[in-house]
Amino acid sequence: MKLSQDVAGASVMAAAVACPELFVNILATFFTEGDVGIGTVVGTGLFNILLVPGLCILMADQKVIHLENWPITRDVSMYLLTISLLVWSLADNKVYAYEALILIIVYMVYLLILTYSSYLEKIFKYISKQENKVFDACSESQPILPLNGVAANGFIVQEHIILPKWKDRLREKLLNIKEIIVWPIVLILKVTVPSCESQDRLFWVPITMFMCIFWIGCGSFIIVELITIVGNEFSIPDSVMGITLLAIGMSVPEMVSSIAVARQGQGTMALCTALSSSTFDVLICLGVPWFIKAMWFHKENSSASINIHSKSLDDSAIAVMLSTIGFMLLMCAKSFVLTKRSGGFIVFIWLFICSAMVYNEYATK
């Protein structure tokens with residue numbers, strides 16, 4: 001598609017890794033009719049804006065990660081607008097059809113901004129009077145150095161790793177246990193999802209994509225049902241389960257993809273993926289199911305709206321909004337450079353805010 005790194009991370013990758021949240025909110029909106037979907041999106045947003053950047057720098061080989069000003073400013077500003085709209089929608093514990101429609105329209109505007117991102121970047125840099133900076137650490141032409149590897153003639157020479165025998169045996173046992181646990185899943189996917197890796201099997205691509213989405217939906221349905229049952233048994237509100245367990249579980253794709261990209265020195269793409277997936281979560285994963293249910297499944301002689309049961313989800317959304325502002329201020333203060341110390345600080349703030357959100361859910365129950 002010839003997309004730049006930041007646009008690819010903000011559009012294609014973001015939509016791909018946000019599929020679990022979409023299915024969770026569809027199931028929560030139409031079947032369980034709980035707040036687990038909203039709690040998941042709010043918790044995922046906090047996870048992506050704080051924990052993902054912190055883990056990216058903490059788990060990266062390099063000591064600092066240089067970020068580009070325009071993509072981060074664009075996506076943080078867009079997510080700040082998005083979470084502000086979510087706070088506005090949840091203020092009266094009702095979501096009306098026109099509010100959900102506004103969320104969808106805003107995402108269309110966001111796609112338009114991404115389309116003309118290169119032109120807007122020139123305007124942004126002209127206004128801010130900043131020159132294009134090229135960081136050596138972000139160069140794609142450089143090899144990715146492992147911790148114990150050395151570069152020779154542009155190639156990686158991997159030094160031999162000698163591990164104690166007990167570690168080898170433990171690793172083999174863990175791998176064997178893992179294979180036993182996942183073999184039914186692997187068998188089902190092998191049978192139902194056709195491979196399209198070779199050029200002569202490109203016609204299988206639509207079927208492969210459909211089956212992947214189908215199994216993501218099935219997995220999301222099982223997770224939502226189990227989370228709902230566990231929450232009912234232990235009297236845990238759906239919103240709390242969404243903010244904690246589901247948010248962390250559903251954020252694994254964003255976390256893994258962002259860390260992998262950051263370890264390659266492409267910190268901007270990593271953060272754009274995490275931030276834009278959070279934007280997609282609110283505007284599409286919440287907006288589309290809400291709009292459909294409010295318009296076509298509302299009761300007769302009543303307004304086109306759906307009810308929100310939790311009374312503190314708007315407070316949690318405000319906490320995410322303040323966290324987004326704080327993250328942007330930190331980036332401006334650090335000249336868009338992530339360090340190990342700032343990464344540890346961001347992770348600590350995530351733990352504190354997440355704990356406060358859970359406490360607030362119980363306090364207002």
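Author: What follows sets values against cut-offs, one label at a time. The model is predicted.

Reader: What makes the link between Ser276 and Tyr110 a polar contact?

Author: The limit for such a pair of N or O atoms is within 3.5 Å. The side chains of Ser276 and Tyr110 are joined at 2.7 Å. That value is within the limit, so the pair counts as a polar contact. Tyr110 is listed among the buried residues of α5.

Reader: Now α5 itself. How do you know that the length of helix α5 agrees with its number of residues?

Author: Helix α5 covers residues 97-115, which is 19 residues. The rule is 1.5 Å times one less than the number of residues.

Reader: Which residues of α5 are buried?

Author: Ala97, Glu99, Ala100, Leu103, Ile104, Val106, Tyr107, Tyr110 and Leu114.

Reader: Take Tyr107 from that list. Why does Tyr107 count as buried?

Author: Tyr107 has 6% relative accessibility. Buried means under 20%, so Tyr107 qualifies. Its place is in helix α5. Tyr107 and Val282 are 175 residues apart in sequence, and their C-alpha atoms are 9.3 Å apart in space.

Reader: What about the span of α4?

Author: α4 runs over 69-90. Its 22 residues should span 32 Å, and its end C-alpha atoms are 32 Å apart, so the span agrees.

Reader: What makes α4 mostly covered?

Author: The count does. Of its 22 residues, 16 are buried.

Reader: Next, the loop between α12 and β6. Why is Ser335 called exposed?

Author: Exposed means over 50% relative accessible area. Ser335 is at 53%, so Ser335 counts as exposed. Ser335 is found in the loop between α12 (313-333) and β6 (337-339).

Reader: And Phe336: buried or exposed?

Author: Buried. Phe336 has a relative accessible area of 8%, and the cut-off is under 20%, so the label holds. Phe336 is also in the loop between α12 and β6.

Reader: What is the phi of Ser335, and what is the phi of Phe336?

Author: Phi of Ser335 is near 55°, a positive value in a residue other than glycine. Phe336 has a positive phi of about 55°, and Phe336 is not a glycine either.

Reader: What makes Leu58 partly exposed?

Author: Leu58 has a relative accessible area of 37%, so Leu58 is in the in-between class. The place of Leu58 is in helix α3. The C-alpha atoms of Leu58 and Val347 are separated by 9.6 Å, and the two are 289 residues apart along the chain.

Reader: Which residues touch the most other members of the largest nonpolar core?

Author: Leu46, Leu67, Leu86, Trp290 and Leu338, out of 70 residues in that core. α11 gives the most to this core, with 14 residues.

Reader: Last, the cavity. How many are there of 30 Å³ or more?

Author: The search of the whole structure finds 1. The largest cavity has a volume of about 30 Å³. Gly43, Leu46, Phe47, Ile243, Ala247, Ile248, Trp350 and Cys354 line that cavity. The elements giving two or more residues to the lining are α3 (36-58), α9 (238-250) and α13 (340-363).

Reader: How does the lining divide into nonpolar, polar and charged?

Author: There are 7 nonpolar residues, 1 polar and no charged.

Note on methods
Residues numbered from 1 in each chain as written. Predicted model: local features only at pLDDT ≥ 70, side-chain atom pairs only at ≥ 80, totals over all residues. Heavy atoms only, no water. 1 Å grid on protein atoms, 1.4 Å probe; cavity = no way out; pocket = protein on both sides within 12 Å on 5 of 7 lines; lining within 4 Å. Points joined across faces, edges and corners; volume = space filled by probe spheres on them. Helix = DSSP H or I, 4+ residues; strand = E, 2+ residues; numbered from the N terminus. Nonpolar A, V, L, I, M, F, W, Y, C, P; charged D, E, K, R; others polar. Polar contact = N/O pair within 3.5 Å; in protein donor to acceptor, adjacent residues only side chain to side chain. Buried < 20%, exposed > 50% of the residue type's maximum accessible area, 1.4 Å probe, protein only. Core = buried A, V, L, I, M, F, W, Y, C linked by side-chain atoms within 4.5 Å.
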